[in-house]
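Subject: Structure handover

Hello,

Here is the structure I said I would pass on. My notes on it follow below.

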Amino acid sequence: MTSTTALPTMHETTYDIGGRKIFAAETGEGPPVLLLHGGGPGASGVSNYARNIAALARAHRVIVPDLPGYGRSTKGIDGADPFGHLADGIRGLLDQLGLDKAHLVGNSYGGACALRLALDTPERVDRMVLMGPGGIGTTRALPTPGLNSLLNYYSGNGPSRLKLEKFIRHYLVFNAADVPDAAIDERYQASIDPDVIAAPPLRRPSGPNALRTLVKMDFTRDRRLRRLPVPTLVLWGARDKVNRPSGGRMLAEQMPDCDLYVVANTGHWVQFERAELFNRLCSDFLAGHR
């Protein structure tokens, strides 16, 4: 995505994680922080955090991967355990980087990845910032219209720029004019990569084990959540049409060390729509200030 702040020079590397490739760009020095992007069509790491990388790199080593299934990483996700598959990939990336522990910042699908990684291996996560994360109360209510729009992108008549523009302008952000046409064009081209069309990374669970998968993908059903020791900041747009803002309260009530900040007049993309606020809150929290 475009940004009023120019991106710093970033070092790009593709890592081999158990025979699969994960692309990552990085910049800055200091405590390591991984920025994990959302799961919308055509998403990638650097594009989703274009308004945040420079600010966070002032005090951190910022590592921005393309999640498995997206961008320049290997396509395809384990449909029986999507969040576990993402978490395994990012944990493998930590291993390749020689990092015993890092901060995790995750938006939506990336937030679900961060949370699952923390639940499975809390010793690998220092602090965690989640923005409208997926997998919160998803078995307790029907999917939102925004989530249905996202999940239906590759079904029906297949992907189109019109479908993507509707999802981004109507459901993803509060102020549609904040997203330039060029950004939608860029994401549309990424979304129609033949390898992505053949194996969309975000889809409804199906088959005989679909119910088991759905339950596994709802973190409010995971008893480990109440014992998770990782200090966590949850940021949630009050006008989020993809993941219900009530999910923030669920996390704050269940997690033992969780701060919640609800952002007014903001949709699903807090780090993009309210970049200055996000950068300040995220930087302070990762530095240990609460």
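A residue is called buried here when its relative accessible area is under 20%, exposed when over 50%, and partly exposed in between. With that cut-off, the buried residues of helix H12 are Ala-275, Leu-277, Phe-278, Asn-279, Leu-281, Cys-282, Phe-285 and Leu-286. Please keep in mind that this is a predicted model.

Overall picture

The chain is made up of twelve helices and eight strands. Along the principal axes, the C-alpha atoms fill a box of roughly 50 × 45 × 40 Å. Buried residues make up 57% of the 290. Among contacts with a separation of 6 or more, 75% are between residues 24 or more positions apart.

Helix H4 covers residues 109-120; its twelve residues should span 16 Å at 1.5 Å a residue, and the 17 Å between its end C-alpha atoms agrees. Eleven of these twelve residues are buried, so H4 is largely enclosed by the rest of the structure. The buried set runs through Tyr-109, Gly-110, Gly-111, Ala-112, Cys-113, Ala-114, Leu-115, Arg-116, Leu-117, Ala-118 and Leu-119.

Ser-108 sits in the loop between S5 and H4. Its phi is near 55°, a positive value in a residue other than glycine. Ser-108 counts as buried because its relative accessibility is 9%.

Leu-235 belongs to strand S7, residues 232-237. With a relative accessible area of 1%, Leu-235 is buried. Which residues touch Leu-235, leaving aside its neighbours within four places in sequence? They are Val-129, Leu-130, Met-131, Gly-132, Tyr-261, Val-270, Phe-278 and Leu-281. Leu-235 and Val-263 are 28 residues apart in sequence, and their C-alpha atoms are 7.0 Å apart in space.

Phe-278 and Leu-281 are also among the buried residues of H12. Helix H12 takes in residues 275-286; at 1.5 Å a residue its twelve residues should span 16 Å, and the end C-alpha atoms are 16 Å apart, which agrees. Just after H12, Gly-288 has a positive phi of about 95°.

Two partly exposed residues

Asn-265 is in the loop between strand S8 (258-263) and helix H11 (270-273). The phi of Asn-265 is near 50°, again a positive value in a residue other than glycine. Its relative accessible area is 48%, so Asn-265 is partly exposed.

Asp-185 lies in helix H7, residues 181-191. At 36% relative accessibility, Asp-185 likewise counts as partly exposed. Asp-185 and Arg-72 are 113 residues apart in sequence and 17 Å apart in space, C-alpha to C-alpha.

Regards

Definitions and conventions. Residues are numbered from 1 along each chain as its sequence is written. This is a predicted model: local features need pLDDT of at least 70, side-chain atom pairs count only at pLDDT 80 or more; totals for chains, interfaces and linings use all residues. Side-chain values use heavy atoms; hydrogens and water are left out. Helices (H or I, at least four residues) and strands (E, at least two) are DSSP runs, numbered from the N terminus. Buried means under 20% relative accessible area, exposed over 50%, partly exposed in between (1.4 Å probe, protein chains only). Contact means heavy atoms within 4.5 Å. The expected span of a helix is 1.5 Å times one less than its number of residues.
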